[in-house]
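Trainee: I've got a model open and I'd like to learn how to read its strands and a helix residue. Can you walk me through it?

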Amino acid sequence: MKLVSYYTSDYKRIRAGWIHNSSVYDLEETYLHLAETRGEDISSPVSLLDYLNLPQLRKNWLIDLDKTTEITLPTVGKEQEIKFAAPIPRPASFRDFYAFEEHVKTARKKRGLDMIPEWYDFPVFYFSNASAIKGPDEPVEKPEYTEWLDYELEVACVIGKEGRNIKRGEASEYIEGFMVLNDWSARDIQRQEVKVGLGPAKGKDFATSMGPYLVTKDELEERRSGEHYDLEMKASVNGVLLSQGNMKSLYFSFAQMIERASEACTLYPGDIIGSGTVGTGCILELGTEAHRWLQKGDVVELSIEKLGVLRNEII
């Protein structure tokens, strides 16, 4: 399924929905209908986070409905008519990993640095700002303090059930689905910060874009090989293709990331885990000879097969 968060027609509220045959249905209204037909009195989900916190049996209601050919519920509208927000507009936590080897090697080489041998020991991550999430087609403000604004082509998974000390072999059970992620970066500020040895902070905390959908992992099963997915990833600026990679090139799988993140730590439904940048997936890696740093007016489009297109304009 494609799960979404969308704006009401007056743009004052965000509601949860799901897409079937290019039509958007409201999630709360769907569950009220399903509960009525089953003669049950339930608390219906009003956000995607509420939906993710449902027991699996209740989630199966929507999965079963999605498999039917005819839906008698009223629609919110056609997909192209609806303004979407980020699928999880305010996640409780957002961990971003550093899991694509090509990106790490190339970005370090650009700075005259060798590969870190310890990088291969375990997947590493930092916590980003979960309160600065942007949705598809939402403008991203260029911070005044940076001249080196960059995009980062990534994929994210969303945790679907609570877990702690999750083993790698069981980690897939905790993934609800995947979505496109753009980890915007102020590279000049980031370069200053990492010299201190603590990791990025102001170089990252102004915006992260996600969406347009949360695609449940069953939709990707035909492209799965073990812990990896064969999904092409692309990025363009102002219609010019700059980055091209594949999700299957992850050195550390999402199962390994989840195992690491959950060690002595509880993961909750709606928590977001980012992959880090795919190889060629940013200007820092490509070099400014390939493209200048981003400026106001630039339109950045990230696309991942089956996960959709995430588009944002710099303002």
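This is a predicted model: local features need pLDDT of at least 70, side-chain atom pairs count only at pLDDT 80 or more; totals for chains, interfaces and linings use all residues.

Trainee: Let's start with strand β10. How many of its residues are buried?

Mentor: Buried means under 20% relative accessible area. In β10, residues 153–159, that holds for 7 of the 7 residues, so the strand is largely enclosed by the rest of the structure.

Trainee: And which way do the β10 side chains point?

Mentor: In a regular strand, side chains alternate between the two faces of the sheet. Here Leu153, Val155, Cys157 and Ile159 point one way, while Glu154, Ala156 and Val158 point the other way, and all are buried.

Trainee: Which strands does β10 pair with?

Mentor: One of them is β12 (residues 175–182), antiparallel to β10 over 7 bridges; look for Glu154 bridged to Leu181 there. Another is β20 (residues 272–274), also antiparallel, with 3 bridges, and Val158 has Ile272 as its bridge partner.

Trainee: What about the hairpin of β17 and β18?

Mentor: Those two strands run antiparallel and are joined by 6 bridges, with Ala235 partnered by Ser243. There are 2 residues between the strands, and Asn238 takes a positive phi near 55° in this hairpin.

Trainee: Last one: is Gln190 buried or exposed?

Mentor: Check it against the cut-off: its relative accessible area is 16%, so Gln190 is buried. You'll find Gln190 in helix α5, residues 187–194. Leaving aside neighbours within four places in sequence, Gln190 is in contact with Ser185, Pro200, Gly203 and Lys204.

Methods: Residues are numbered from 1 along each chain as its sequence is written. Side-chain values use heavy atoms; hydrogens and water are left out. Buried means under 20% relative accessible area, exposed over 50%, partly exposed in between (1.4 Å probe, protein chains only). Helices (H or I, at least four residues) and strands (E, at least two) are DSSP runs, numbered from the N terminus. Two strands pair if DSSP finds at least two bridges between them. Contact means heavy atoms within 4.5 Å.
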